[in-house]
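Welcome! Here is a short briefing to read beside the sequence and the 3D view. Please take a look at both before going on.

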Amino acid sequence: MASLASKEPNLRIMRHLIISFVLVPVIALVSCAGGRSPETLQPVRVGMESTAVNSLIYIARDKGFFETNGIELVLDDSYVSGSAAAAGMLRGEVDVATAAELAVVRAAFDGDDITTLGSIDMFTHMKLVVRKDHGIETAADLAGKKVGVPVGSSADFFLGRYLDLHGISRNQITTINVQAPDAVAAITGGNVDAIVTWQPNIIAMQDQLGDKASILQVQSGQSMYCALISTGAWVTANPKLVESFLKALVEAHDFLSRNPEQGKAMVQTILGYEDRFINNIWPEHRLTIRLDQSLVLAMEDQARWLIENGLTEAATIPNIRDYLYPDGLMAVKPDTVSLIR
């Protein structure tokens with residue numbers, strides 16, 4: 001029979017082997033704590049414009065929330081607008097896109113297979129820049145003036161609402177179709193007397209026009225929404241993937257709520273914004289993920305506007321609830337869903 005002394009080296013070897021078998025998997029798990037291995041991630045292609053309305057997506061990406069929820073984010077933020085991203089999604093270029101809610105309403109009128117998972121921003125960034133040296137001080141002074149706006153866009157919708165609220169007929173102004181890239185040149189060159197636009201155009205206009213320009217609140221307190229959209233077919237085929245994607249965005253919102261300055265700095269770095277710019281626009285955004293009745297009301301309001309202005313051949317408003325997918329957020333964070341049944 002072997003002595004205890006002769007057994008001790010063997011016992012040490014056994015203990016070492018047992019510890020090794022236990023620790024190796026633990027170490028592997030720790031090393032993957034920031035995300036799953038690439039082989040287990042499911043790709044989700046996202047198309048959007050490179051702007052602050054998409055801050056939650058950028059934060060979720062850079063904090064690794066997509067990976068920890070099993071998603072490989074394939075991001076294309078080169079689209080020139082939300083409408084372009086929505087169109088790209090409908091062509092199959094991406095699985096998910098972000099766009100202002102008007103893009104969803106237009107798609108609904110066109111009978112497209114589109115659904116809204118929620119909104120990730122409520123913002124009031126559109127302004128009406130007017131030339132004071134052209135005789136415009138208040139809304140009433142717009143009568144008889146040339147006003148630039150991207151015709152048929154959300155900006156056009158808010159211009160129409162603004163005119164209605166101030167008792168001005170659309171026939172009393174001359175509407176000039178001016179797209180965002182041409183906005184600064186249009187007003188500084190005097191081609192229009194006023195223009196509906198947003199940043200960074202507003203800062204450029206202020207720098208060039210100085211006290212010749214004034215800014216009016218064209219949205220009149222009504223928010224726009226950055227809608228998170230997909231096709232009904234993709235959502236139906238990938239309900240769990242939708243939940244994982246939304247969970248990553250909920251985590252991004254929670255991070256931003258706990259660390260507002262750090263989140264703001266992250267977005268500023270990602271988008272390359274100067275201090276003046278980020279400080280100007282940041283208060284205009286309410287970065288939160290939700291799906292509530294206010295979005296439905298906004299979309300119905302825009303649907304009526306499209307019909308009244310002959311921008312659709314439809315005569316009735318579509319049932320907006322048919323273009324919403326509340327199940328994803330209900331599964332992830334029910335208190336973010338507030339819809340009237």
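Predicted model: local features only at pLDDT ≥ 70, side-chain atom pairs only at ≥ 80, totals over all residues.

Residues are numbered from 1 along each chain as its sequence is written, and side-chain values use heavy atoms, leaving out hydrogens and water.

- Strand β1 (residues 42–47) and strand β3 (residues 96–100) run parallel and are joined by 2 bridges; strands here are DSSP runs of E with at least two residues, and helices are runs of H or I with at least four, numbered from the N terminus.
- Helix α5 (residues 101–109) packs on the sheet and touches β3, β4 (115–123) and β10, its direction making about 105 degrees with that of β3.
- Helix α4 (residues 82–90) lies across β1, β3 and β10 (224–230), at about 145 degrees to β3.
- Contact means heavy atoms within 4.5 Å, and angles run from 0 to 180 degrees between N-to-C directions of axes fitted to C-alpha atoms, for helices over the stretch in contact.
- The open sheet has the order β2-β1-β3-β10-β4-β11, with mixed pairing; two strands pair if DSSP finds at least two bridges between them.
- At its edges are β2 (71–76) and β11 (285–286), each of which pairs on one side only.

- Strand β6 (residues 146–149) runs parallel to β7, with 4 bridges between them; Lys146 has Thr174 as its bridge partner in β7.

**The cavity**

- The structure holds 1 cavity of 30 Å³ or more; a cavity is a set of points on a 1 Å grid over the protein atoms alone where a 1.4 Å probe fits but cannot get out, and lining residues have an atom within 4 Å of a point.
- The largest cavity has a volume of about 30 Å³, a volume being the space filled by probe spheres set on the points, which are joined across faces, edges and corners.
- Strand β8 (residues 194–197) gives the most to its lining, with 3 residues.
- Residues lining the largest cavity include Pro150, Trp198 and Asn201.

How values were computed. 1 Å grid on protein atoms, 1.4 Å probe; cavity = no way out; pocket = protein on both sides within 12 Å on 5 of 7 lines; lining within 4 Å.
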